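The text below walks through one protein model, from backbone details to ring contacts and a pocket. Please keep the sequence and the 3D view at hand while reading.

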Amino acid sequence: MSVFSDLTFGELTLHRWAVELPLRFRLPAGFVAMPADGGVQVWWMSEEDRAAVERDDSISPRDGFFSVTLSLNVGYDRTRDVFFGGGEGDGDETTMAAQYARAGVEDVVVERYDANGIPVLFVEGRQGDRRIASCYLATLIETNAIFLFYSHPTPFREIDGERWMAMKQAILSSGPAARITR
């Protein structure tokens, strides 16, 4: 079993955001932050991968990484209490599974929760040898949403599943979580 470290939203984002979400996040122990130049995106990866990427930014981390940034294609509508966007037809969270399936993603699962008062949307699936492991978090500021995902090396390993499940469980255990079914 892997060892993990818990972080606040501020710690996860290196305090680059003007918002503090009351959620917890869980990363593999030993993962370090690598902020994007001049932006709000932060990658979390092993120290070895960070050193390699700093030497040559055209390579991908070998041991997988987490990324957190502002979503450019999905937002959250407080009035309707729904995530929207995500691609073709720009539907909402009730149509996202079909949108991903049309894009070639198989076994798509879209789950909506409210975790400690924050709307959270998980999107998971499989596309060939790649697993989709992503999450959208409503900031409750206008329609802004945060995009968090895990990218694994190929092939997908058991440790990659453990890492994503640890992150997901940390978010959901941040406070009262109730699954919303539509």
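Asp81 is found in the loop between strand E6 (74-77) and strand E7 (82-85); helices (H or I, at least four residues) and strands (E, at least two) are DSSP runs, numbered from the N terminus. The phi of Asp81 is positive, about 55 degrees, although Asp81 is not a glycine. At 26% relative accessibility, Asp81 counts as partly exposed, where buried means under 20% relative accessible area, exposed over 50% and partly exposed in between (1.4 Å probe, protein chains only). The model is predicted: local features need pLDDT of at least 70, side-chain atom pairs count only at pLDDT 80 or more, and totals for chains, interfaces and linings use all residues. Residues are numbered from 1 along each chain as its sequence is written, and side-chain values use heavy atoms, with hydrogens and water left out.

The loop between E6 and E7 also holds Thr79, which is exposed at 77% relative accessibility. From the C-alpha atom of Thr79 to that of Met34, 45 residues apart along the chain, the separation is 35 Å. Asn116, in the loop between strand E8 (106-115) and E9, is a residue other than glycine with a positive phi, near 55 degrees. Its relative accessibility of 29% makes Asn116 partly exposed. A further backbone feature is the peptide bond from Thr154 to Pro155, which is cis with omega near 5 degrees. Pro155 is found in the loop between E11 and H4.

For the fold as a whole, the secondary structure comes to four helices and 12 strands. The C-alpha trace spans about 45 × 35 × 35 Å along its principal axes. The protein has a radius of gyration of 16 Å, which agrees with the value near 16 Å for a compact globule of 182 residues; this radius is taken over C-alpha atoms, and the globule rule is 2.2 Å times the number of residues to the power 0.38. Of the 182 residues, 45% count as buried. Val19, in the loop between helix H1 (9-12) and strand E2 (24-28), is buried with a relative accessible area of 17%. Val19 and Leu140 are 121 residues apart along the chain, and their C-alpha atoms are separated by 9.3 Å.

How many aromatic pairs does a search of the whole structure find? The search finds nine, where rings of Phe, Tyr and Trp (its six-membered ring) pair if their centres lie within 6.5 Å; planes under 30 degrees apart count as stacked, over 60 as edge-to-face and the rest as tilted. Phe65 and Phe149 form an edge-to-face pair, 6.0 Å centre to centre with 70 degrees between the planes. Phe65 lies in strand E5 (residues 65-70) and Phe149 in strand E11 (residues 145-151), so this pair ties together parts that are 84 residues apart in sequence. Phe65 is buried, with a relative accessible area of 14%. The pair of Tyr136 and Phe147 is stacked, because the ring centres are 5.0 Å apart and the planes stand at 25 degrees. This pair links distant parts of the chain, with Tyr136 in strand E10 and Phe147 in strand E11, 11 residues apart. Tyr136 is buried, with a relative accessible area of 3%. Phe65, Tyr136, Phe147 and Phe149 form one aromatic cluster.

Rings also meet charged side chains. A charge sits over a ring if NZ of Lys or CZ of Arg is within 6 Å of the ring centre and within 35 degrees of the ring normal. The charged end of Lys168 sits over the ring of Phe122, 5.1 Å from its centre. Arg131 lies over the face of Phe156, at 4.1 Å from the ring centre.

Strand E9 (118-127), strand E10 (130-138) and helix H4 (158-172) are the elements that give two or more residues to the lining. By class, the lining has five nonpolar, three polar and five charged residues; Ala, Val, Leu, Ile, Met, Phe, Trp, Tyr, Cys and Pro count as nonpolar, Asp, Glu, Lys and Arg as charged, and the others, Gly among them, as polar.
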